[in-house]
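The following paragraphs go through a structure step by step. Please keep the sequence and the 3D view at hand while reading.

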Amino acid sequence: MQVTFETIGNHLITKLSGELDHHTAEEIRERIDKEIATKSIKNIIFDMKDMNFMDSSGIGVVIGRYKKVQKLGGQAAVIHLNSRVEKIFKMSGLFHIVKKFKNKNEAIERL
Amino acid sequence: MSTNNRMHLEIMSKSQNEAFARVVVASFASQLDPTIEELADVKTAVSEAVTNAIIHGYEGGDGIVIIECILRDDEIEIGIKDQGAGIEDIQKAREPLYTSKPELERSGMGFTVMETFMDEVKIQSQKNMGTEIRMIKKFRSCDH
């Protein structure tokens, strides 16, 4: 599991690649929270392009980060969803709190 | 339906074994030639059940998780068993968004995921004796 960050304005683009499960969730969560804490971030955009696997532990990570940025007055979004991760998002009702966009330009423009 | 093949696997309750367990089960299931989508469903459900045994059964401590798979004509039956704490209220555990460990940032969607992706999910549990989850997935792609 890998995570890389890009900051554009007050948007934190979090690119996740690999498999997000209970084992990898903790490290990913800590790394994202450190970014949010040390940079002036308002919105978080998850880039799921290279996400190969996600289970309910991943849902927990997304909900947790959503709550964080919400406290900062921000929003959470997701881009480049593949059909598998989309299935998990749909099933868990994540789209009620996380907006879906095609790419980062669209997300930045509309958040 | 008769049993065509079976396997039995014991792993320590370590989180790094979650990926191992789901890959092994998916690899075994692939003998029935399911679709990629069906295999991903099985992988996700196994991940949930094994994670459940590690976090809730053994509460992060050492224990053994037993995984059993039975292949029949067009379906796989998967049993995932621990000898840990057991589930006090199975009905509650099955509710979407319910988690007994909110401090761990669990989504409470584990059983919902299993029920969504598998055709049948049965839970047997006894306090301090352990939990067994048995799931069946039918592969519609199998034309026998």
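Helices (H or I, at least four residues) and strands (E, at least two) are DSSP runs, numbered from the N terminus. Two strands pair if DSSP finds at least two bridges between them. The model is a predicted one, in which local features need pLDDT of at least 70 and side-chain atom pairs count only at pLDDT 80 or more, while totals for chains, interfaces and linings use all residues. Residues are numbered from 1 along each chain as its sequence is written, chains are lettered from A and ligands numbered from 1 in the order in which they are written, and side-chain values use heavy atoms, with hydrogens and water left out.

Chain A has four helices and five strands, and from the N terminus on these elements follow the order β-β-α-β-α-β-α-β-α. The radius of gyration of chain A, taken over C-alpha atoms, is 12 Å, close to the 13 Å that the globule rule (2.2 Å times the number of residues to the power 0.38) gives for 111 residues, so chain A is as compact as a globular protein of that length. Its C-alpha trace spans about 30 × 25 × 20 Å along the principal axes. Of the 111 residues of chain A, 51% count as buried, where buried means under 20% relative accessible area, exposed over 50%, and partly exposed in between (1.4 Å probe, protein chains only).

A:Thr4 stands opposite A:Lys15 in β2(A). The hairpin of β1(A) and β2(A) has two residues between the strands, and A:Gly9 takes a positive phi near 60° there.

Further along, strand β3 (residues 43-54) of chain A runs parallel to β4(A), and four bridges join them. A:Ile45 has A:Ala77 as its bridge partner in β4(A). Between β3(A) and β4(A) the chain passes through helix α2 (residues 56-71) of chain A in a right-handed β-α-β crossover; right-handed means that, with the strands pointing away from the viewer, the path from the first strand over the helix to the second runs clockwise. β4(A) also pairs with strand β5 (residues 98-101) of chain A, in the parallel sense and over four bridges. In β5(A), A:Val98 is the bridge partner of A:Ala76. The chain goes from β4(A) to β5(A) through helix α3 (residues 83-92) of chain A, and this β-α-β crossover is right-handed.

Which way do the residues of β4(A) point? A:Ala76 and A:Val78 point one way from this strand (residues 76-79), A:Ala77 and A:Ile79 point the other way, and all are buried.

Helix α3(A) is mostly covered, with seven of its ten residues buried. Among the buried residues are A:Arg84, A:Glu86 and A:Phe89. Their cover includes β3, α2, β4 and β5 of chain A together with α2 and α4 of chain B. A:Gly93, with a positive phi near 75°, follows α3(A).

The last topic is the nonpolar cores, each a set of buried Ala, Val, Leu, Ile, Met, Phe, Trp, Tyr and Cys residues joined through side-chain atoms within 4.5 Å. Of the 35 residues in the largest nonpolar core, B:Val25, B:Ile67, B:Ile76, B:Ile78, B:Ile80 and B:Met135 touch the most other members. The largest share of this core, eight residues, comes from α2(B). Apart from this core lies another, of 31 residues, among them A:Ile36, A:Ile41, A:Met51 and A:Val98.

Terms used
Contact = heavy atoms within 4.5 Å.
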